[in-house]
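Please go through this structure with me, one feature at a time.

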Amino acid sequence: MKPTNVAESGPGTRTTERRPPGPVSAAWLQRVALYYLERYSASTEMLRRTLARRVDKRARLRGEDPSAFAEMIAATVARAVSAGLVDDVRFADTRLATLRRRGTSSRGAAAKLAAKGVPRDVVEATMRAEREAIPEAEAADIELRAARAYAKRRRLGTHRRPDTRALHRDRDLGALARAGFSYDLARRVVDAELDEPE
């Protein structure tokens, strides 16, 4: 528990004031970065944002300007990158595989990776590598497999009760379209026969 200063502010009353946290230092930032990276897989930008938030909070509690620590944050991120603790390519590969298993479209996956701070060229290279890593005949089916996984997870199309499929057809098509799948692909998944192979 943090020590506190107790001050008298009037007869019969006591107020408690918290001591400000310690100063922002390179050692403290390094500890914050390591703790974060032990718990989460992160892109370079995610680490930078996390450190910036922590510095912002601590600096404001101390009455300091958070922007004064921008170079210290950049140096901490650079050390993490050079030590191999953060790698945007590795992060994008792992994250894309996870997104595909969850049924994320190519457009949705690209947007999610970009939101995590992965540079556009890394996103494009990762998606290109995904296509090149499988036989050409199967590469065209990446999006179809993702759409089927999404439909299964959300219980759309063939994953609904047969007596409710027609009633929810338009809603299911809309859900797939909002997830980034083309209309033709959404229709193929939603209108699939129950015995069509996955």
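Q: What should be known about the model and its numbering before reading it?
A: This is a predicted model, in which local features need pLDDT of at least 70 and side-chain atom pairs count only at pLDDT 80 or more, while totals for chains, interfaces and linings use all residues. Residues are numbered from 1 along each chain as its sequence is written, and side-chain values use heavy atoms, with hydrogens and water left out.

Q: Where is confidence lowest, and where is it highest?
A: pLDDT is the predictor's confidence in each residue, from 0 to 100. Where pLDDT is low, the predicted coordinates should not be read in detail. Here the mean for the protein is 88, and 87% of residues reach 70 or more. Strand E1 (residues 4-10) has the lowest confidence, a mean of 51, and helix H3 (residues 70-82) the highest, at 96. Helices (H or I, at least four residues) and strands (E, at least two) are DSSP runs, numbered from the N terminus.

Q: What span does helix H4 have?
A: The expected span of a helix is 1.5 Å times one less than its number of residues. H4 (residues 88-101) has 14 residues and reaches 20 Å from first C-alpha to last, close to the 20 Å expected.

Q: Which residues of H4 are buried?
A: Buried means under 20% relative accessible area, exposed over 50%, and partly exposed in between (1.4 Å probe, protein chains only). In H4 the buried residues are Asp88, Phe91, Ala92, Leu96, Leu99 and Arg100. Seen down the axis of H4, they fall within an arc of 155° (taken from the directions from the helix axis to the C-beta atoms), so they line one face of the helix.

Q: Which residues touch the most other members of the largest nonpolar core?
A: A nonpolar core is a set of buried Ala, Val, Leu, Ile, Met, Phe, Trp, Tyr and Cys residues joined through side-chain atoms within 4.5 Å. Of the 28 residues in the largest one, these are Leu29, Leu37, Leu47, Leu51, Val55 and Val118. Helix H1 gives the largest share, six residues.

Q: Is Ser43 buried or exposed?
A: Ser43 lies in the loop between H1 and H2, and counts as buried because its relative accessibility is 0%.

Q: Which backbone oxygen does the side chain of Ser43 reach?
A: A polar contact is a pair of N or O atoms within 3.5 Å; within protein, one must be able to donate a hydrogen and the other to accept it, and residues adjacent in sequence count only if both atoms are side-chain atoms. The side chain of Ser43 reaches the backbone oxygen of Lys116 at 2.5 Å.
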